[in-house]
Amino acid sequence: MNRQNTSKNIVFTAIATAIALTGLRASAQDAPYGFQPEFPKIILQPEDQLVAIGSNATFTVVATNEDGFQWSYNGNPLNGATNDTLTISNAQTANVGFYSC
């Protein structure tokens, strides 16, 4: 008797982009006074995930000069997802999509 593997895996994709949201403007005239804006820089991108249905998918991003984080799902901001780590608990096929930070 052959047994078939009935477990299913789902794939999650994520990417991080650095966006500077600031009211400060720097010009060539500011340089003599030592003002040089430092913009956010992504040091470690979140990694795509292949997880079993019902398990957790966790994304982590590492950045410098950041003022905060905002995770999005298919281009829409996720409420309360403002940390450097995002966890999708009890992942289901309905959660599959494009995550970004």
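Student: Which residue in β3 is the bridge partner of Phe12?

Tutor: Gln49. One caution: this is a predicted model, where local features need pLDDT of at least 70, side-chain atom pairs count only at pLDDT 80 or more, and totals for chains, interfaces and linings use all residues. Residues are numbered from 1 along each chain as its sequence is written, and side-chain values use heavy atoms, leaving out hydrogens and water.

Student: Why do we say that β1 and β3 pair?

Tutor: Two strands (DSSP runs of E, at least two residues, numbered from the N terminus) pair if DSSP finds at least two bridges between them. β1 and β3 have four, in the antiparallel sense, so they pass that test.

Student: What makes β3 and β7 edge strands?

Tutor: The open sheet runs β3-β1-β9-β6-β7, with mixed pairing. β3 (49–52) and β7 (76–77) each have a single partner strand, so one side of each has no neighbour in the sheet.

Student: And what is in the largest nonpolar core?

Tutor: It has 16 residues, and Phe12, Phe59, Trp71, Leu86, Ile88 and Tyr99 touch the most other members. β1 (9–15), β4 (57–60) and β8 (85–88) are the elements giving two or more residues to this core, with β1 giving the most, three.

Student: What does Leu86 contact, beyond its neighbours within four places in sequence?

Tutor: Ala57, Thr58, Phe59, Trp71, Leu78, Ala81 and Tyr99, where contact means heavy atoms within 4.5 Å.

Student: What makes Phe59, Trp71, Tyr73 and Tyr99 a cluster?

Tutor: Ring pairs link them. Rings of Phe, Tyr and Trp (its six-membered ring) pair if their centres lie within 6.5 Å; planes under 30 degrees apart are stacked, over 60 edge-to-face, the rest tilted. The structure holds three such pairs.

Student: What is the phi of Asn65, and where does Asn65 lie?

Tutor: Its phi is positive, about 55 degrees, although it is not a glycine, and Asn65 lies in the loop between β5 (62–64) and β6 (72–73). Most residues other than glycine have a negative phi.

Conventions
Core = buried A, V, L, I, M, F, W, Y, C linked by side-chain atoms within 4.5 Å. Buried < 20%, exposed > 50% of the residue type's maximum accessible area, 1.4 Å probe, protein only.
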